[in-house]
Amino acid sequence: MLKKTVVITMSCLMLGSCAGMSLNKEMVGATIGAGAGGAACSRVGKGYGNTAAIIGCSLVGAMVGGTVGRSIDETDRMKTQQAIMQTPTNQTTSWYNPNNGNQYAVTPVNNPMQYNNGTVCRDFTTIATIDGHRENIRGRACRQPDGSWQMQ
């Protein structure tokens with residue numbers, strides 16, 4: 001579940017869809033991580049054991065999410081959005097960020113699709129290497145009225 005927390009947090013932060021621009025990326029990542037960690041362990045044990053599991057998993061999720069949030073910078077978010085918008089289907093856009101040492105490879109896996117409500121969405125995969133840890137992300141991003149892309 002921690003891997004899933006990292007993936008969800010990173011996807012949201014890379015596409016800028018988790019919070020307003022005024023919020024701290026590390027805090028947003030920690031909040032999402034804590035929620036995901038607590039939810040993941042909500043069915044572990046009974047009574048006090050369940051409460052302890054939720055608290056423990058929430059703390060671990062917050063630490064992981066905060067680390068991921070701190071590592072995503074504005075350049076990476078912009079390059080991710082650009083790759084989703086402009087890269088041809090099944091072609092990969094890759095980059096290395098010299099400021100933080102992270103590497104990304106974004107591959108749109110279908111053409112943008114327009115739904116009946118007018119929303120345009122595109123599925124993608126991302127391979128991210130952050131602090132030496134490689135993560136695979138699958139997601140869908142949809143264009144917002146302001147032109148930005150948001151995770152769905």
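1. A disulfide is taken here as a pair of cysteine sulfur atoms within 2.5 Å. By that criterion, a search of the whole structure returns 1 disulfide. C121 and C142 form this link, with their sulfur atoms 1.8 Å apart. The link is right-handed, with 105° about the S-S bond. It connects distant parts of the chain, 21 residues apart: C121 in strand β4 (residues 120-130) and C142 in strand β5 (residues 133-143). Strands (E, at least two residues) are DSSP runs, numbered from the N terminus.

2. On the basis of the values, this is a predicted model, in which local features need pLDDT of at least 70, side-chain atom pairs count only at pLDDT 80 or more, and totals for chains, interfaces and linings use all residues. Residues are numbered from 1 along each chain as its sequence is written, and side-chain values use heavy atoms, with hydrogens and water left out.

3. On burial, the term buried denotes under 20% relative accessible area (1.4 Å probe, protein chains only). C121 is buried at 3%, and C142 is buried at 3%. In β2, 5 of the 6 residues are buried.

4. On strand pairing, two strands pair if DSSP finds at least two bridges between them. β1 and β2 pair in the antiparallel sense over 4 bridges, and T93 has V106 in β2 as its bridge partner. β2 and β4 are also antiparallel, over 6 bridges; Y104 has A128 in β4 as its bridge partner.

5. On the turn, β1 and β2 form a hairpin with 6 residues between them, where G101 has a positive phi of about 80°. N97 lies in the loop between β1 (93-96) and β2 (103-108) and is buried, with a relative accessible area of 3%.

Conventions. Buried < 20%, exposed > 50% of the residue type's maximum accessible area, 1.4 Å probe, protein only.
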